[in-house]
Amino acid sequence: MAKVCTFAPLCKNLAFISLLPKSSSSPPICFSTSTHFPHFNLRKSFLPPRTATDDSEDFMLMGATEYVEQGSEFDEAEWSSEEEEEDEEEEEEEPFDIQEMERQAKLAVREYSDSLSRELKIEAEISGRKESRGRRKKVQSNRKNIPDHLLPRIAIVGRPNVGKSALFNRLVGGNKAIVVDEPGVTRDRLYGRSHWGDYEFMVVDTGGVLTISKSQADVMEELAISTTIGMEGISLACRDAAVARMPSMIERQATIAVEESSVVIFLVDGQAGLTAADVEIGDWLRKNYSHKYILLAVNKCESPRKGAIQASEFWSLGFSPLPISAISGSGTGELLDLICSHLNKSEEYESIEMEDYVPAISIVGRPNVGKSSILNALVGENRTIVSPVSGTTRDAIDTEYVAPDGKKFHLIDTAGIRRRAVVASCGSTTEALSVNRAFRAIRRSDVVALVIEAMACITEQDFKIAAQIDKEGKGCLIVVNKWDTIPDKNQQTTLHYEDDVREKLRILKWAPIVYSTAIQGHSVDKIIVAASMVEKERSRRLTTAILNQVVREAVAFKSPPRTRGGKRGRVYYCTQAAIRPPTFVFFVNDPKLFPETYRRYMEKQLRSSAGFTGTPIRLLWRSRRKSEKSEGKDAGSRTQVNLLKADGKLALAA
């Protein structure tokens, strides 16, 4: 008598199978599975082992539908052959070429970088940078990387709206300074590196120098200082005081630039002609800085014929005028020749130890959270203008900084980033360009210090800035500034606050948090310590043996989920293909078999086992091609690797 088993589906993909007792005279209970299991297959490994009794009798499994309609036997070998072949393919350990895998990993990183560049819409910027590098490649091939603070400095001064920023961009190349046809755009000192022939120097852009002959109302009108924008939440007395101090602070920044420079370019407007402000600035330079080499450049002289006539008016200032055009570039070559005649050549710095890599730290955040105060507290001087008025900082301010341990950093202060809709509704071109400079500062930095105000709630704009930092692949630390404003602090305050920040900025859950009070200088040194640690983690590289051991342990603890068709993802090999940020390439059978949840699990395991605090990590999943498998079998002379599960070691075979 043949044994018959019952088949009962318990859920969508699970069924119960049991044998009927021999004494049972009732027919087997059958359940229809045509609606839920149109292609039901039973894996052979799920069947119990055959016994001698089973071998002596006819053993058959019957599907409910087939039992009712046909009563035919179900061929076990037929519905398990596909799964057996898949299991055999998964169990097979095939050697492969390490060099080929490493080459494919670098190719995957390059493809990902190109796609990210297209997504960020910076193809024009990259191509322009490549073209400029190509033009200067022959000149810069023998030039050493001299530290910025050792180069001579050239200051550009003048009254507002004479084209100082346009000339700065012309000398350094690119659009580093904001150029808008309105006065008072530049406020802080802006530095840029330039060279002419064998000479290399730093150019300093400054704000418009004001004179004491003007009233406060005239100064505010000339500098376009607003008394309403960025003044929300500020008392009337503080508002008036901040506005009154703004011109003197701008003039102080220009004075510092002149004092630290060896050559001064006194820029005037040839189209507007000689003004009283030009006369007063000329007297100020001649009385206080007569020991410096001062060049009088008459800007906006596009026509060579009219330029000589326009420049002749400025002989009364006591300097020899030189007509130039910062927009078209006419006359700038002669200007650079005059500048370099009073400078030392770059070869004279050969005895100085040159720098290779200096990490850049950008300070970003919403307006009025204390970014400029943090920069001033770090460098120990009034490097940028600090005011309760939101939007005081316009350009991205670059500053060199040497930590107490001697390590050098490149600090970048940025303008406050407001929501795009608010910037558009304001209608300010200057603010739109300032926000653009802030995002460009993130792009050219290595570590980003995201500053938030302790008493202010974390907003959607903070989350958008954090998302941009993660998307750019930059290291990050969260700086909670104005920590002294939190009342009644205790030991639990920091823990609760950190939990709230982690919850609202989940995308930066890997970033360290630093609490500081920049206006008083409290704990600002911890920002540099944390940034240095983040940069080390961002530049760290794991060996292939350790990396594959971590991956094996992660897969052994939690295997990739199976699909409905019974397929399971499998990791063949993993390598770290890049740093800054750390990028890992996983060679698998099919990237589609690894859902997003499992990829996050793998990232979590890498962080828990290997660290990488403060930096995003990239996991790229690449399918192992059939051609690569065949090459791995035939290339017996190449170095081959086989990941053994038994001893957990990386075995190398030649």
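How many bridges join strand β4 to strand β7, and do the two run parallel or antiparallel?

Modeller: Happy to! Four bridges join β4 (residues 153–157) to β7 (residues 263–269), and the two strands run parallel. Strands here are DSSP E runs of at least two residues, helices are H or I runs of at least four, and both are numbered from the N terminus; two strands pair if DSSP finds at least two bridges between them. Within this pair, V157 stands opposite F266 in β7.

Before going further, some ground rules. This is a predicted model, in which local features need pLDDT of at least 70 and side-chain atom pairs count only at pLDDT 80 or more, while totals for chains, interfaces and linings use all residues. Residues are numbered from 1 along each chain as its sequence is written, and side-chain values use heavy atoms, with hydrogens and water left out.

Now the sheet around your pair. Six strands form an open sheet with mixed pairing, in the order β5-β6-β4-β7-β8-β9. β5 (190–196) and β9 (321–323) stand at the edges with a single partner strand each, so one side of each has no neighbour in the sheet. On average, neighbouring strands of this sheet are turned by 30° against each other, direction ignored. Helix α9 (residues 276–288) lies across β4, β7 and β8 (293–299), running at about 170° to β7. For that angle, axes are lines fitted to C-alpha atoms, for helices over the stretch in contact, and angles run from 0 to 180 degrees between N-to-C directions; contact means heavy atoms within 4.5 Å.

β11 (residues 397–402) and β12 (residues 408–413) pair in the antiparallel sense over six bridges, and I397 has D413 in β12 as its bridge partner. Five residues lie between these strands, and G406 in the turn has a positive phi of about 95°. β16 (residues 571–578) and β17 (residues 583–588) also pair in the antiparallel sense, over six bridges, with Q576 opposite F584 in β17. Four residues separate the strands of this hairpin, where R580 takes a positive phi near 55°. β16 is mostly covered, with eight of its eight residues buried (under 20% relative accessible area; exposed is over 50%, partly exposed in between; 1.4 Å probe, protein chains only).

W483 sits in the loop between β14 (475–481) and α16 (491–504) and is buried, with a relative accessible area of 13%. Its C-alpha atom is separated by 5.7 Å from that of S516, 33 residues apart along the chain. Beyond its neighbours within four places in sequence, W483 is in contact with residues including A454, Y497, Y515 and S516. E537, in helix α17 (residues 525–538), is buried too, at 17%. Leaving aside neighbours within four places in sequence, E537 is in contact with P582, G611, F612, T613 and T615.

Finally, confidence: the protein averages a pLDDT (the predictor's confidence in each residue, from 0 to 100) of 77, and 70% of the residues score at least 70. Over residues 126–142 pLDDT stays under 50, and the model has seven contacts there beyond four places in sequence. Residues 222–231 are also below 50, with 28 contacts beyond near neighbours in sequence. Where pLDDT is low, the predicted coordinates should not be read in detail.
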